[in-house]
Amino acid sequence: MAGRINDDDVKAVRDAVPIDAVVSEYLQLRNAGGGNLKGLCPFHDEKSPSFQVSPSKGLFHCFGCQEGGDTFAFVMKIDHLSFSETVERLAVRAGITLRYEEGGYNPSSQRGERTRLVEAHVSAARFYVEQLDSPEAEIGRKFLAERGFDQAAAEHFEVGYSPAGWDHLTRFLRGKGFTDRELIMSGLSQDGRRGPIDRFRGRLMWPIRDISGDVVGFGARRLREDDNGPKYLNTPETPIYKKSQVLYGVDLAKKDIAKASRAVVVEGYTDVMACHLAGVTTAIATCGTAFGGDHIKILRRLLMDNGSARVIFTFDGDAAGQKAALRAFEDDQKFAAETYIAIAPDGMDPCELRLAKGDSSVQDLVQPRTPLFEFAIRQIVSRYDLEVPAGRAAALDEAAPIVARIKNSASQHEVAVQLAGMLGILDTQFVVKRVSQLARWARDRGGRGPAPGPGQGQGADQSRTGPGGGSGRPGPDERRGPSGPALYLRNPVYATERELLKLALQRPELVTPAFDAYETDEFTAPPYAAVRACIDEVGGAEMGRADVRDYLARVREAAPDDTVRKLVTELAVEVFRGKTIDELYAGQQLVQVRIRAVDRRIQDVTSSLTRLGNGGDPQQYAAVQSELWVLQQYGQALRNNGVDAL
């Protein structure tokens, strides 16, 4: 049985790996103020960034989908890993050797499945690279040289060679301690008549990495005429390799894509190599599949989908390339970025272009050329006979919906006018109106649905006001009862309670020791009362003065369920409402929460006094009257003296 990782080692890994460094491997982060960073959430589709990271606290939280947690939670969620696999991966990154309990340390048997499969791929990549220097691999070296790639280029992209024998890699990996089951599961081997044999044999090999840099698969190029397999053979679908979710070269290109707000999508491994060597370091390619929705999600997170972002598709000039371009256009509207297509006049791909005309020609090729929607329209129009009215009408029927999908209304109008000119339709306004009608119909259809009834359309998220303190959308746990009113946090009572809890989590030194004397019932929003109870369970906010990251980790662990845990994370990451966060500001929040608690108690006592005045016990009446006087005096002192009265 796999041993449990030592708790001290888990904490050491958490402290050693900055959360912003990890998250930045998957999406572009920008300054969000208050020491926080923001980006497009990798866990749901959004147009504006609601995903925030707090480096100082080691936490992330999305105010859109409510995902949140520490570095471990992020990696577990985005890479579908177990907790142990996540700790092991980050421990390698931090150079920390983990200790295992309940049976001692046994790396080969105790590492998680994904970790083992990645390690097998890393070993295979090294094996293939070494084989490229062998006499047998002369054909592979010649292939690279003929395409303008020298030894340095092969080393940079870690291109390798798979021997033509049946089980060279399989025997090598067995010697490294990998089981036959792991080799089959990884896709590196396949079942043969007498046991596992190599999947890739006698081919040039490109390692395929995910966005974090882990080798998860391979692309293999046929070299010999007697190889009856496909020209390119890729790793099959495995637990770590999903071809629709990987982009070749993204590990090398991601930083420059984020920096330049530009991505170049090419068709093959050699095209990526040619682009990068020519200085176009934002080039990436799909791996044996069409560019689709999952690929777009990866790029959108890197581009941040700002107004200046550009995505340039390069396709061969033949019919297949044109078909691929039109297929890419089908997903065009999922980008906020502007999309273009670049096709060399003579139909060469980037690799051929670099070989024939040099690096500068590749750089010129990928400068934004024809907008993708314009290319799509021209391809449609070219299929019709525009000399006859029927041909012009049919072309309009097919092209107008394309124009109607253009998001920017000004651009949509301009392209509609251009379409009229392409078709030779003199009545330009007729075309413009036709496009407008289609666009309006699409919007109406997209928004169709039953009107939300009571309690519907509220969203199932935990209580929040968002980064700016203002959405006020309630979740199920915020309702006071099955049929009671929803808890709207725009109410200043809840906003102040929220702010005080944020201080207790993020800046505990500003509110202690006063905060720790506050009772749970002083927080009137039930979700906030639950968070207050979590803080109390770990020993109060005082415990956060020494090490706020460890304190936050323990508060999250104290949460009774995921709903409360997510709220703790949200409050620990959210920026403050005030401009200056100091003792004065903290004191104002402490006083306001206490004043409202006192006022609520005064109302309760006044109600009791009224009841006792109508024939009640005189002694009890006097005691309640005395309590009322004390409460009134305390409330007045709080208003007059502020934090000094606490």
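Here are some questions and answers about this predicted model.

Residues are numbered from 1 along each chain as its sequence is written, and side-chain values use heavy atoms, without hydrogens and water. Local features need pLDDT of at least 70 and side-chain atom pairs count only at pLDDT 80 or more, while totals for chains, interfaces and linings use all residues.

User: Which element of the protein chain has the lowest mean pLDDT?
Analyst: Good place to start! pLDDT is the predictor's confidence in each residue, from 0 to 100, and the protein chain averages 84. Strand S8 (residues 160-162) has the highest mean among the elements, 98; helices (H or I, at least four residues) and strands (E, at least two) are DSSP runs, numbered from the N terminus. The lowest mean, 47, belongs to helix H5.

User: How is H4 placed relative to H6: parallel, antiparallel, perpendicular or oblique?
Analyst: Helices H4 (residues 83-94) and H6 (residues 113-131) pack at about 40°, an angle taken from 0 to 180 degrees between N-to-C directions, with axes as lines fitted to C-alpha atoms over the stretch in contact. Angles under 35 degrees count as roughly parallel, over 145 as roughly antiparallel, 65 to 115 as roughly perpendicular and the rest as oblique. Therefore H4 is, relative to H6, oblique.
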